[in-house]
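This briefing covers strands, helix packing, chain dimensions and selected backbone features. The entry to read it against is shown next.

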There are 2 protein chains.
Amino acid sequence: MKKFVNKVDNILSESLIGFGKAHSDIIKVNLSPDYISRKNKPNKDKVALISGGGSGHEPLHGGFVGYGMLDAACPGQVFSAPTPDQMEAAANEVYNKKGILFIVKNYSGDIMNFEMGADMIDHDNQTIIVNDDVAVEDSTFTTGRRGVAGTMIVEKTIGSLAETGASLNECKSFGDHVNKMTGSMGVAFTSCTVPAAGKPTFELSVDEMEFGVGIHGEPGRRREKIKSADEITKEIIETILEDLKPENNQEVLLHVNGFGGTPLMELYLLFESAQKLLVNKNIKVSRSIVGNYTTSLDMAGGSFTITKLDENIIKHWDSPVHTSSLRWKI
Amino acid sequence: MKKFVNKVDNILSESLIGFGKAHSDIIKVNLSPDYISRKNKPNKDKVALISGGGSGHEPLHGGFVGYGMLDAACPGQVFSAPTPDQMEAAANEVYNKKGILFIVKNYSGDIMNFEMGADMIDHDNQTIIVNDDVAVEDSTFTTGRRGVAGTMIVEKTIGSLAETGASLNECKSFGDHVNKMTGSMGVAFTSCTVPAAGKPTFELSVDEMEFGVGIHGEPGRRREKIKSADEITKEIIETILEDLKPENNQEVLLHVNGFGGTPLMELYLLFESAQKLLVNKNIKVSRSIVGNYTTSLDMAGGSFTITKLDENIIKHWDSPVHTSSLRWKI
């Protein structure tokens, strides 16, 4: 296994300590239980947003803690749900008089542990389940659709609304709305290697891809020969659009996400391919983001996410944000 | 070859078009000759900064075009120098009454083509050669030391100085100073695959690493068995410090750069390892940046860069910047 590592058991904690030191102006890291929280308390009462999930998808979620986005993130071991005591401790630290909103990707382990965490706290709380992956219903770790790269868009937009002092119900309802407006789907060229396993999670032959792959390497719709970028893009984008059913002249946010092992050059090529296709379908790409935001360790491949935009989503996407991985206007 | 591609010959142009569309608020892309330039002319006369080099290192350099950094970037084919007509066209577009400063990584092809480009323009111009790689003297494509991840730091800081209206001589002299204060060194766990070649540039067995590798996969100091993250970090950091000879209590910027195929989790682990070591040597890490900024396509591995800080470098590092890959306070 070719990784920068001292002891496999310590990867997460050593990485978290480094993360805390590298971004000590924005966040602080608590160990045992592990959670990342905003360094400075917000200036006014607000709903506290807490997300989390298995590690290995960085910068999701820890990279999105900060002004205008998350108040805390709970990282589990690689590809494993965080434990309830992490959510309990994070919630008690970042509670800010307006209740707690948990943002959870739809995996059975995450759902269960976030529920148990929620039961352990005394503060009002609600939960948003993100399930933007249109590839498959039910999968290795999921009942229903998986939560993938659209999570970042949900976190950014609710994060912005929460900063305005909106109520817990308003934040919950807006987050559910953004999730509903969002669809994603991805393709893998290679597996990733989970450090504790020390070998690739699955095998793909040299000319194969996993179409509709999950962000832990879960099976997608089928395994097939690699196609051209335009062919891959077309099938994914059309599948997402069947789900989202955009209006004519619909304005959208287009997110091309890399899984970790694919060069930026290829991600921009995918963006071009998708943008051209969407224009031909009378869909207007008015916001865009390209890069490695929801990764699967070293997996080669990537995903598309489309969010149908309305005035409110645009406002809360464009607003200032100051985290280690998304930062603008601040 | 597992890449998102339509035709290998079109990867660069399709990717550039996508880059231009995804960031149309910041930059514009010109094709044939290829260059990326700031979308809006600066508000006042300033030295125009132009960098460039082979593609495949993204976000370097195109991702650093925008307010507070580069005025233009000239991308060559993958790992090939840009041609002189690119530099000529870019210079003629972004010239802003105070001369042109070229920022060139020290590779023989880049040096030659930038010189020829400079000869083709009528404006006053000077060139900064970045040669921060302390691993080896002379290499496959270089006489002297190679220019690697420190280039981003040179571009950020001169970019900031240029925005103040500083003269060409002042910018040139400050850039040379930042380059001199900066040292880098990296290690590769895998080769990258250049699209036109279709196969890995070099072979490393499953337990080997290339110590002191170049960003095109050029040989480093030696090939050896993979060591622990702490051992790798220690040798690299000590080699950089031997070169930079910091004072006791020296303040530094520590940059951990991923080559493309290494997860963020491991880069933060490297940051922790280096930060701890530097503290023990009475060196103060007061600025930091961790991520994939100077990549080698899909290569697994990474590098450390240290810049010795003074008041001026700190001021121009911290100042506002608005590019597609570095953005803060704006």
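Strands β1 and β2 (residues 35-38) of chain B run antiparallel and are joined by four bridges; helices (H or I, at least four residues) and strands (E, at least two) are DSSP runs, numbered from the N terminus. Two strands pair if DSSP finds at least two bridges between them. This is a predicted model, in which local features need pLDDT of at least 70, side-chain atom pairs count only at pLDDT 80 or more, and totals for chains, interfaces and linings use all residues. Residues are numbered from 1 along each chain as its sequence is written, chains are lettered from A and ligands numbered from 1 in the order in which they are written, and side-chain values use heavy atoms, with hydrogens and water left out.

**Sheet of chain B**

- Opposite B:I27 stands B:R38 in β2(B).
- The open sheet has six strands in the order β1-β2-β4-β3-β5-β6 (chain B), with mixed pairing.

**Helices of chain B**

- Helix α1 (residues 11-22) of chain B packs on the sheet and touches β1, β2, β3 (46-55) and β4 (72-78) of chain B, where contact means heavy atoms within 4.5 Å.
- The direction of α1 of chain B makes about 155 degrees with that of β1(B); axes are lines fitted to C-alpha atoms, for helices over the stretch in contact, and angles run from 0 to 180 degrees between N-to-C directions.
- Helix α2 (residues 84-94) of chain B lies across β1, β2, β3, β4 and β5 (97-105) of chain B, at about 160 degrees to β4(B).
- Helices α4 (residues 150-163) and α8 (residues 311-318) of chain B have axes that come within 8 Å and cross at roughly 90 degrees.
- α4(B) and α8(B) are therefore roughly perpendicular to each other (angles under 35 degrees count as roughly parallel, over 145 as roughly antiparallel, 65 to 115 as roughly perpendicular and the rest as oblique).
- On the α4(B) side the contact is made by B:M152, B:I153, B:K156, B:T157, B:S160 and B:L161, and on the α8(B) side by B:I313, B:H316 and B:W317.
- The residues of this contact between α4(B) and α8(B) comprise five nonpolar, three polar and one charged (Ala, Val, Leu, Ile, Met, Phe, Trp, Tyr, Cys and Pro count as nonpolar, Asp, Glu, Lys and Arg as charged, and the others, Gly among them, as polar).

**Chain A overall**

- Chain A contains eight helices and 14 strands.
- Its C-alpha atoms fill a box of roughly 50 × 50 × 35 Å along the principal axes.
- Of the 330 residues of chain A, 64% count as buried (under 20% relative accessible area, with exposed over 50% and partly exposed in between; 1.4 Å probe, protein chains only).

**Loop between β11 and β12 of chain A**

- A:T294 is found in the loop between β11 (284-291) and β12 (301-308) of chain A, and is buried with a relative accessible area of 0%.
- Apart from neighbours within four places in sequence, A:T294 contacts residues including A:H57, A:L60, A:N257 and A:F259.
- A:L297, found in the loop between β11 and β12 of chain A, has a positive phi of about 55 degrees although it is not a glycine.

**Cis peptide bonds in chain B**

- B:S32 and B:P33 are joined by a cis peptide bond with omega of about 0 degrees; B:P33 is in the loop between β1 and β2 of chain B.
- Another cis peptide bond, with omega of about -5 degrees, joins B:L60 and B:H61.
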